[in-house]
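Please read them beside the sequence and the coordinates.

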Amino acid sequence: GKSYLVSGNAIKDAQKQGIFVILIDTENALDEQWLHNLGVDTSEDKLIKFNVAMIDEVAKIISEFVDQYKKDYADLPDDERPKVLFVIDSLGMLMTPTDVAHFQNGDLKGDMGRKPKALKALITNCVNMFGNLNIGMICTNHSYASQDMFNPDPVVSGGCLIADTKVLLADGTYKNIQDFSIGD
């Protein structure tokens, strides 16, 4: 449901507010027809969509965009700069060069901790770059069932919504995520 929440709600609502969306699809799952069915405007003046697999590629896209944004709008007052929203769906599918190299060599041993460090660097750099600009970011991630045979309860991986997560509504009130119904 994470792609539905991001596309059918966050992206669609951002566009209604005049926010330009840059959608980074790491799962190759968000086709144009599905986005249209959810009410997302895929025209070039409303949305750019990238299919990307590598953390480094995401960093390059964001960095180059922010550099150009600063050049184009540096002299404008804050309230006249365009609003932009980056959406990364999802962090969990992004790979490192080490992941790819190991796979190409037939070795699936993992990247020895490079991925969490690269993801932290991506998020930290984005927060610092976006600081005084009209740019925001939403990221999704996966939740996985526990792989522990002694504790088989679901375990949430970073970024997913869990019970009692508060959602800010348009009227300024909050509602727990589990209290939503289809169509809300």
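**Notes on the fold**

1. Strands S3 and S4 pair in the parallel sense over 5 bridges, where strands are DSSP runs of E with at least two residues, helices are runs of H or I with at least four residues, and both are numbered from the N terminus; two strands are taken to pair if DSSP finds at least two bridges between them. Within this pairing, Val 84 stands opposite Ile 135 in S4.

2. On the basis of these notes: this is a predicted model, in which local features need pLDDT of at least 70 and side-chain atom pairs count only at pLDDT 80 or more, while totals for chains, interfaces and linings use all residues. Residues are numbered from 1 along each chain as its sequence is written, and side-chain values use heavy atoms, with hydrogens and water left out.

3. As to the overall composition, the protein has 5 helices and 8 strands, and from the N terminus on its elements run α-β-α-β-α-β-α-α-β-β-β-β-β. Buried residues (under 20% relative accessible area, against over 50% for exposed and in between for partly exposed, with a 1.4 Å probe and protein chains only) make up 31% of the 184 residues. Of the contacts (heavy atoms within 4.5 Å) with a separation of 6 or more, 66% are between residues 24 or more positions apart.

4. The pairing of S3 with S4 belongs to an open sheet of 4 strands, whose order is S2-S1-S3-S4 and whose pairing is parallel.

5. Helix H1 (residues 2–16) has 15 residues and reaches 20 Å from its first C-alpha to its last, close to the 21 Å expected at 1.5 Å a residue, a span defined as 1.5 Å times one less than the number of residues. H1 lies across S1, S2, S3 and S4 and runs at about 170° to S3. Its buried residues include Val 6, Gly 8, Ile 11 and Ala 14, and what covers the buried residues of H1 includes helix H2 (32–37) as well as strands S1, S2, S3 and S4.

6. Helix H5 lies across S3 and S4, running at about 155° to S4. H5 (residues 114–130) also packs with helix H3 (residues 55–73) at an angle of about 10°, with their axes 10 Å apart. That angle makes H3 roughly parallel to H5, on a scale in which under 35 degrees is roughly parallel, over 145 roughly antiparallel, 65 to 115 roughly perpendicular and the rest oblique. By class, their contact has 11 nonpolar, 1 polar and 4 charged residues, where Ala, Val, Leu, Ile, Met, Phe, Trp, Tyr, Cys and Pro count as nonpolar, Asp, Glu, Lys and Arg as charged, and the others, Gly among them, as polar.

7. Cys 126, in H5, is buried with a relative accessible area of 1%. Leaving aside residues up to four places away in sequence, Cys 126 touches Ile 62 and Met 137; Cys 126 and Ile 62 are 64 residues apart in sequence and 7.8 Å apart in space, C-alpha to C-alpha.

8. Two backbone features are worth checking. Most residues other than glycine have a negative phi, and most peptide bonds are trans. Asn 28, in the loop between S1 and H2, has a positive phi near 50° and is exposed, with a relative accessible area of 57%. The peptide bond from Asp 89 to Ser 90 is cis, with omega near 15°, and Ser 90 lies in the loop between S3 and helix H4 (97–104).

Conventions
Axes are lines fitted to C-alpha atoms, for helices over the stretch in contact, and angles run from 0 to 180 degrees between N-to-C directions.
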